[in-house]
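Please open the structure in your viewer and keep the selection tool at hand. The stops below are meant to be followed in order.

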Amino acid sequence: MYRVLIFLVFTAHVFGVTPEPDTRESAREEKLRSALIDAFQNIKKASGKGGLDDDLASDLIGSRIAVPHLTKTEKTTADNFDLFADDDGLTFSEVFGDVETEKRVSSTEKSHNVQHIVKTTKPMEITTIKPNAVVKTTIPVRHVVETVEPKIQPAGLNDTVMLGLESMLRILDSEILMQQWDKLKNSVTGDCRKNLQEYVQGLQERRLWALKMEDSSGRYTSMFYWGNNYWTGSAELCSILNQHHSTQHAHTTQNSSGSQIFSEWRQDVSVTGDGPPFSTAFFNVRMTVSTDVAEIIKTKRTLHLGLCLPRTCSREQVGQLVDNVRAPLLRHKVVAVRSPQLGGYSYIEDPTFQILLGVSCVVGALLIAATAYDMKIASDVRARRRRVNNMAAAESGHADLRLNMNGLDAITVSKGKSMYNVNNNIAINTNNSEERLTAETASTDEELKLSIWSELLLSFSMKANILQIFDQSVGSDTVPVVHGLRTFSMLWIIFGHTCIVVFKYADNTALRAVLEKSFWFQLILSAVYSVDTFFCLGGLLFSFLYFRTNAKGKLERLTKGRPKITAGLFQFLGLIGYRFARLTAPYLFMLGVVEVTMKWFAYNAVFEPPAHDHETCPSYWWRNVLYINTLFPVEQMCMLWSWYLSDDTQFYAVSAVLLILATSHFKLSAILTSVFFVSSLFTTGYVSYSSQHVPNGEDPFTQFDKIYDKPWTRLGPYLVGIATGWILFKTNLKINMSRVWWCVGWAVCAGVLLSLVFGLHGARLAGVTAAVFSALSHSLWAACVGWVIIACSTGHGGWVRPLLSSPVLYPFSRVTYCAYLVHPVVLRYVAMHLTHPIHLGELLVFVLFLGLAVISFFLAFVISVAFEAPIVTMLKIVSPQKKPHRV
């Protein structure tokens, strides 16, 4: 009852206070505060002894809220003082935000409480009585509790302040910049510091231009746990701020516009108002972030934070500024800073670009001149034919002249003579359609003999080269199904590369981890086998055409009258020289394009480029030209996808020795081929086992530098193709096989292919099993491709043969080499011109693939007409064999 009496006396003092003259107000306020302090001290003592009386607790807190009984070791929380409200009518617990919000009762229901004793808007003097001293302080009443008992803190204050990911994942925003500016300003100097000070003042004054700068800067928005590592903001908005818009201009535009929708939009503040007093630049800061709270981030993550800051700030100053920021929860470390506006690269001054520009101008002039010369010759030949026909008709007495002018014009090599032909009158008896440029006919009546220089000039004729690419016929020395395999394999490669690149710049990269577990997604992951298809096709065509050419005696010009070793050496040099000349022209051009574009991307794109070709190409391009770049570390490789060309050329050189040897010592050549094949399998298995490589359906590119791109691990499919070509030559494309056997062959082939594509789904290989799979999988794929070619070429292909040998696929097949060179550049160009990450979905990826495939084949067609086809035609002119360049 003693404590109840104290409380009643305290209540009487409170409610008995009435307005008095100013001379007595100070003394009464001192008494009020003294009583208030004594009351809180008594409440604390009562809590320490065992708690408040039930009646008193019910009166203070209300009958709806139960007051917990605290022990001596427990601290009193703000829940005990929930009845005290601040100047805005909020309780202490609501102000500090550390407890659950309680349902408020009405003012009538709490009228008997002491809730309003501190309801005042004036600061009060608090008198604290100490021995021999009286200290007076002026503190708002909302801080009285802290003054009396400073140890009382809201429970879980930090957790409440950082409620939700948006507050936890803050790194640098306007609030942090303003709060920490006194320390952060020491990180920058000069005009950058001055302009940043103006930016901070603009934020404090809520200037529209400053708010737009903040709006264009990146911050956490969503999907952090779905792989969103790009907090880029808007580079476009930051750039457009440099254009000072005015309200008057907006109204003028509105009056001139006939669309109500756009008129309303133009009145919005997003396109009105003045710009900042300084030029802005967009910075993309790459940083690593971590935290001690494992529930939020367990490992380090790499984030890309976009910031719109004054242009006077350098990348180094921005990096120091961000590094010195103290984020509420995250620890971050700046790795690199990019800025499209501060790129520092001018392609006009780049010697590589100047060489490319010069080469393009020369080639363009040759294409125009050759095409004009081609059309002039065609016109002259038509005029001559018209005169000859008219004279013949007049002599024979025929008045009705019928002229057939629907034929194709072409330059044809016939019996060692170069002739320009008009109309399809007489067919040339040739075993290969590639012996001619654009037609299979020649006119024996109107032969127009050309000099060697005229022939070389006409090699650049766009008319002739286009007709050659779109020719729907193939020669008897060809394997038509190769065209379909080439085309579909190239599309498969583009699809796989599209998924790899776009996933790198997506805001939902975790979607890949989900899709990789999908059964049908294995079709994308298994795109690595499409390269084995090309290896097999390369070996097959080389072997088949070499044996056929040698059987026809066309190699005697190089070997006749010479010792076998010398003759073999001449053959080897001729084969290597032909391949080098045919591949290198478009390859060199694309190397220059890759170097220039990657330099521009490295300095001017918002996102970081997927590779460092701007650094490796200037130093190591010569390795690409010599086709030996896979013999060096992948970190030093220029044009990463060129590893296939390097391996294929090395396989071509090894196979050339084996094939030349086979013409005189077939058994020895067969034994060496078998040794190479078996050693490649064992080498692949050993490297896989020693490096603990585990093939799985989630990451087919693991151990890229040890297994994926090395020639000694990829030789098997090429040798399988060599054997397949020899089988086709020996059987002359005729194999008698019963229906049962070819059905069994197709069943086994389909089963192996499906197992290789989908077999790793959900499987976990390890140890010897993983090594065996790595060693055999690529060669097994090539063996199945070989069976498809043999079955279709010998009349056992069923519906597969017309599909793969469809003439509509011939043009695409003839430009697959250039498509392989150019399609990654197209992918990078699209990705590097993004200013925001892509939100991927299955349909979007497919649409991107279709668009990229169309653009890639179109550019491949242009490059083939400008570089590849002219070189091939010139090789036919200077080659004594008139070796066909396509099949």
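**A helix pair to start from**

Select F580, Y587, L588, L591, V594, E595, M598, K599 and A602 in α24, which meet D613, H614, C617, P618, W621, N624 and V625 in α25; contact here means heavy atoms within 4.5 Å. By class, this contact of α24 with α25 has 11 nonpolar, 2 polar and 3 charged residues, where Ala, Val, Leu, Ile, Met, Phe, Trp, Tyr, Cys and Pro count as nonpolar, Asp, Glu, Lys and Arg as charged, and the others, Gly among them, as polar. The model is predicted, with local features needing pLDDT of at least 70 and side-chain atom pairs counting only at pLDDT 80 or more, while totals for chains, interfaces and linings use all residues. Residues are numbered from 1 along each chain as its sequence is written, and side-chain values use heavy atoms, with hydrogens and water left out.

Now display the axes of the two helices, which are lines fitted to C-alpha atoms over the stretch in contact, with angles running from 0 to 180 degrees between N-to-C directions. The axes of α24 and α25 come within 9 Å and cross at roughly 170°. That makes α24 roughly antiparallel to α25, a label for angles over 145 degrees.

**Along α25**

Next, select residues 613-625, helix α25, whose end C-alpha atoms are only 15 Å apart, whereas a straight helix of 13 residues would span 18 Å at 1.5 Å a residue; the expected span is 1.5 Å times one less than the number of residues. Helices are DSSP runs (H or I, at least four residues), numbered from the N terminus. Centre the view on S619, where α25 bends by about 65°, the bend being the angle between axes fitted to the seven residues ending there and the seven starting there.

Colour D613, H614, T616, C617, R623, N624 and V625, the buried residues of α25 (under 20% relative accessible area, with a 1.4 Å probe and protein chains only). These buried residues pack against α24 (564-604) and α34 (816-832). Following α25 is Y627, with a positive phi near 60°.

**Two loop residues**

Move to M639, in the loop between α25 and α26 (643-662). M639 has a positive phi of about 60° although it is not a glycine, and at 0% relative accessibility it counts as buried. Finally, select Q692 in the loop between α27 (666-690) and α28 (704-708); its phi, near 55°, is also positive, but at 69% relative accessibility Q692 counts as exposed (over 50%).

Terms used:
Angles under 35 degrees count as roughly parallel, over 145 as roughly antiparallel, 65 to 115 as roughly perpendicular and the rest as oblique.
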